[in-house]
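Please open the structure in the viewer and keep the selection tool at hand.

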Amino acid sequence: MHSYIITPSPKTSDRGETVPPSEERLAWLTGFDGSAGLAIVLKTRAALFIDGRYTLQVRDQVDGKLYDYCQIPQESMGKWLLANAPEGAKIGYDAWLHTRGWVETTSKAVAKKGMSRCVWTSTAPGITSRP
């Protein structure tokens, strides 16, 4: 796998539900603790996609030398992958954390460069599901 797409937490879409620190994956990886954002991490480059509400916060919390700051919807994740991922790259993501529309749009974009998707559809070995 050449890339992985990270979302804040599986519970952020549940509107108002408290997220335990153990599920704050985007904050753990990037330092960004806003409620909406997405990171794409390649072997040699990474980007953090946020909306206009977090323009100042992302610069305070995330090292710009490690991550490109990208504004949604002005900047497309698919276009960023096309510009930065290697030809034929495998793009990984957790299927439970993305909408069908997102998957279709991103899949079409990366297919133009011969990239494919690696979908994580179940719990990783050694990790138990929620009680």
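Select helix α3 and ask what covers its buried residues: the cover includes β1 (3–6), β2 (38–42), β3 (46–50), β4 (68–71), β5 (90–94) and α4 (100–111). Here helices (H or I, at least four residues) and strands (E, at least two) are DSSP runs, numbered from the N terminus.

Before going further, note that this is a predicted model, in which local features need pLDDT of at least 70 and side-chain atom pairs count only at pLDDT 80 or more, while totals for chains, interfaces and linings use all residues. Residues are numbered from 1 along each chain as its sequence is written, and side-chain values use heavy atoms, with hydrogens and water left out.

**Helix α3**

Within α3 (residues 77–84), select M77, G78, W80 and L81, which are buried. These residues lie on the same side of α3 because they cover an arc of only 160 degrees around the axis; the arc is that of the directions from the helix axis to the C-beta atoms. Buried means under 20% relative accessible area, exposed over 50%, and partly exposed in between (1.4 Å probe, protein chains only). Next select K79 and A83, exposed residues on the face of α3 turned away from its buried side.

At the start of α3, display S76: one of its side-chain oxygens comes within 3.2 Å of the backbone nitrogen of G78. Then move to the loop between β4 and α3, where P73 is placed. The peptide bond from I72 to P73 is cis, with omega near 10 degrees.

**Residue T30**

Select T30 in helix α1 (residues 25–30). Is T30 buried or exposed? T30 counts as buried because its relative accessibility is 8%. Its side chain reaches the backbone oxygen of L26 at 2.7 Å and the backbone nitrogen of F32 at 3.0 Å. Not counting residues up to four places away in sequence, T30 touches A39, L48, Q61, V62 and Y67, where contact means heavy atoms within 4.5 Å.

**The whole chain**

Finally, colour the protein chain by pLDDT, the predictor's confidence in each residue, from 0 to 100. The chain averages 79, and 79% of the residues score at least 70. Confidence is highest in β4, at 96, and lowest in strand β6 (residues 116–120), at a mean of 61. Over residues 121–131, pLDDT stays under 50. Where pLDDT is low, the predicted coordinates should not be read in detail.

Notes
A polar contact is a pair of N or O atoms within 3.5 Å; within protein, one must be able to donate a hydrogen and the other to accept it, and residues adjacent in sequence count only if both atoms are side-chain atoms.
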